[in-house]
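Here are a few notes to read alongside the model. Have the sequence and the 3D view open as you go.

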Amino acid sequence: METLAQDLTPEAQFQARIDADIRIEPKDWMPEAYRKTLIRQISQHAHSELVGMLPEGNWITRAPSLKRKSILLAKVQDEAGHGLYLYSAAETLGTSRDQMLADLHSGKAKYSSIFNYPTLSWADMGCVGWLVDGAAILNQVPLCRTSYGPYARAMVRVCKEESFHQRQGFEVMQTLCEGSVAQKEMAQESLNRWWWPTLMMFGPADDASPNTEQSMKWRIKRFTNDELRQKFVDMMVPQADFLGLTVPDEKVKWNEARQAYDFGEVNWEEFWAVVKGNGMCNHERLQARVQAHEEGAWVREAASAHAAKHAAREAVAA
Amino acid sequence: MNNSEWPLWEVFIRSKQGLDHKHVGSLHAADAAMAVQNARDVYTRRLEGVSIWVVESKHIHASNPDEAAEFFDPAADKVYRHPTFYDVPDSIKHM
């Protein structure tokens with residue numbers, strides 16, 4: 001094996017390590033395309049965490065009780081943390097925090113299209129936790145074994161924290177479903193709006209996802225978009241049944257032969273429209289991000305000035 | 001974009017008394033005091049630590065992964081450094 005490895009090209013050696021499930025670490029040789037794919041994927045993921053705080057931030061001041069408010073605050077704080085773990089992981093590949101944020105703010109970099117939908121009712125906080133975080137967990141758990149070490153380690157941390165997010169969302173839904181008729185209707189109305197956009201979170205169908213094959217080969221991705229979408233439907237339909245809610249898809253039906261649920265086709269036109277910037281909240285989300293960044297500039301500058309002043313004083317004292 | 005990105009710090013956390021500090025990740029901060037505070041907020045939201053070290057990333061010197069094979073090779077053929085190398089008769093206890 002040792003002598004053989006030396007005769008291989010760097011690309012073949014790299015692929016051999018991937019195939020042997022040996023993690024790639026920051027200073028290791030890697031193909032440029034692997035590096036670029038990872039920077040794109042990890043930074044998109046980080047941006048999603050950052051932008052993902054906005055739809056929930058909307059409800060912090062309107063949460064129905066102090067308990068729900070504390071929970072929501074903790075969840076939003078986790079999301080900021082998740083963004084930070086991921087930005088750090090991306091930085092080990094040679095990009096900078098400033099560059100990634102600039103790409104987000106200019107619209108060059110993408111984030112999950114789910115956050116371009118509005119959160120109109122309190123039940124939406126339930127659906128975001130239960131469905132959206134549920135979908136995120138399905139995407140993220142396999143990433144704990146992704147081939148790039150810093151990304152995998154960040155994902156282990158994220159996944160540990162994410163399951164609280166999903167459970168609190170389910171509890172919000174359950175409380176509403178066990179409440180008054182109006183509360184249950186609110187839960188159903190929210191599920192009606194979030195179901196399809198959540199299915200879109202897994203990305204385009206496999207035959208329209210050109211990057212999947214290479215990403216699977218590099219073990220950046222472990223499952224295809226359609227595989228994960230199917231898992232999600234199989235997981236969620238019984239949970240909706242438990243809540244007494246109806247999934248807004250007439251084609252949802254248990255398929256005994258496949259041992260899985262059949263379900264209808266996602267509206268891909270809507271998916272691409274939102275990805276391309278024409279969703280309900282794309283403009284608002286980006287504007288809120290840019291505004292927060294610009295209005296925080298003086299704080300960053302003040303902290304730098306404070307640090308420089310103290311460094312200078314210490315230098316004189318020494 | 002301005003060019004004043006805060007320096008990068010590596011964060012090490014002792015999860016409980018008696019254990020060593022372990023690398024957990026990195027973050028940006030203007031100075032050491034801020035790095036410790038940010039590390040608390042980013043890496044110990046669920047009681048993951050009782051002590052935090054931060055080191056500016058530029059101060060870390062690492063071995064070169066391209067030379068890892070040669071660098072660690074001298075340890076590879078010294079099996080006699082391991083207790084399992086030695087045959088101990090079954091009748092000998094406490095060894």
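1. Is Cys127(A) buried or exposed? Cys127(A) counts as buried, at 0% relative accessibility. Buried here means under 20% relative accessible area, exposed means over 50%, and partly exposed is in between, with a 1.4 Å probe and protein chains only.

2. A word on the basis: this is a predicted model, where local features need pLDDT of at least 70 and side-chain atom pairs count only at pLDDT 80 or more, while totals for chains, interfaces and linings use all residues. Residues are numbered from 1 along each chain as its sequence is written, chains are lettered from A and ligands numbered from 1 in the order in which they are written, and side-chain values use heavy atoms, leaving out hydrogens and water.

3. For Cys127(A), the nearest cysteine sulfur belongs to Cys177(A), 9.0 Å away.

4. Now find Val51(A), which is buried at 1% relative accessible area. Beyond its neighbours within four places in sequence, Val51(A) is in contact (heavy atoms within 4.5 Å) with Leu104(A), Tyr111(A), Phe115(A), Arg285(A) and Arg289(A). Asn116(A) is 65 residues from Val51(A) in sequence, yet their C-alpha atoms are 9.1 Å apart.

5. Over in chain B, Val79(B) is partly exposed, with a relative accessible area of 46%.

Key: Disulfide = S-S within 2.5 Å.
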